[in-house]
Amino acid sequence: MGVYTMPEDKKEQLYRLAQSYDIAIIEDDIYGDISYQFPRPKTIKSFDTDGRVLLCLIFFRRPSRPACALVGFAPGRYRDKVTHIKYVSSSMCPVLPQLAILQKFIRLGGYTKHIRQIEAAL
C-alpha cells in the first residue's frame, strides 16, 4: 500500500469546489506529522476561510496500540454540532483527564519523541 499526498494546489482547488457547492470537507490528517516532505504539507484546512473544513487529528499512544489515542478536531463552523455528537457518543469518557494527559504528553516532549520513533520505523 502506498502513501499519497495531495498537492497543495489540488487541495486549494478541492476547497474552492466545496465552497462553490456549499458543502463540508472532513480532512483526515493523522499522518501529516510524519510526512516525507519538509516543510510539512499544508492541510486543506489551511485554505479554509469560512469554517467548512473539519480537520481530524490523532495523537497515537504508540503504533502497536492504535486504540489508545487522543483525537482532536478543528471543526470550524460545525463546532456546536461536533461538540454535541461528541458529548452524546462519549459522555462516559472523562474530558479533564484526557486533556491533562494530552497537555503533559506534549509538554514533556512525548509527541515529538513518538514522531521520531515512527519516522525511524518507516
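Glutamate 27 first. Leaving out residues up to four places away in sequence, glutamate 27 touches Thr43, Ile44, Lys45, Val53, Leu54, Leu55 and Cys56. Contact here means heavy atoms within 4.5 Å.

A word on the model. It is predicted, so local features need pLDDT of at least 70 and side-chain atom pairs pLDDT 80 or more, while totals for chains, interfaces and linings use all residues. Residues are numbered from 1 along each chain as its sequence is written, and side-chain values use heavy atoms, without hydrogens and water.

Back to glutamate 27. Glutamate 27 sits in strand β1, residues 25-28. Strands are DSSP runs of E, at least two residues; helices are runs of H or I, at least four; both are numbered from the N terminus.

Which side chain of opposite charge is nearest to glutamate 27? Lysine 11, 4.8 Å away. Glutamate 27 is buried and has no salt bridge. Buried means under 20% relative accessible area, exposed over 50%, partly exposed in between, with a 1.4 Å probe and protein chains only. For charges, Lys and Arg count as positive, Asp and Glu as negative; His and the chain ends are not counted. A salt bridge needs a side-chain nitrogen of Lys or Arg within 4 Å of a carboxyl oxygen of Asp or Glu.

What does the glutamate 27 side chain have beside it? A polar atom of that side chain lies 2.7 Å from the backbone nitrogen of isoleucine 44.

Next, glycine 76. Glycine 76 is in the loop between β3 (69-74) and α2 (79-89). With 32% relative accessibility, glycine 76 counts as partly exposed. Setting aside neighbours within four places in sequence, glycine 76 contacts Lys45, Gly51 and Val53. Lysine 45 is 31 residues away in sequence, and 9.0 Å away C-alpha to C-alpha. Lys45 and Val53 were on the glutamate 27 list too.

Now the rings. The structure holds one aromatic pair. Phenylalanine 105 and tyrosine 111 form it, edge-to-face, at 6.5 Å centre to centre and 70° between the planes. The rules: rings of Phe, Tyr and Trp (its six-membered ring) pair if centres lie within 6.5 Å; planes under 30 degrees apart are stacked, over 60 edge-to-face, the rest tilted. Tyrosine 111 is buried at 16% relative accessible area, whereas phenylalanine 105, at 23%, is partly exposed.

Last, the whole chain. There are four helices and three strands. From the N terminus, the order is α-β-β-β-α-α-α. Of the 122 residues, 28% count as buried. Among contacts between residues at least 6 apart in sequence, 63% join residues at least 24 apart.

How values were computed: Polar contact = N/O pair within 3.5 Å; in protein donor to acceptor, adjacent residues only side chain to side chain.
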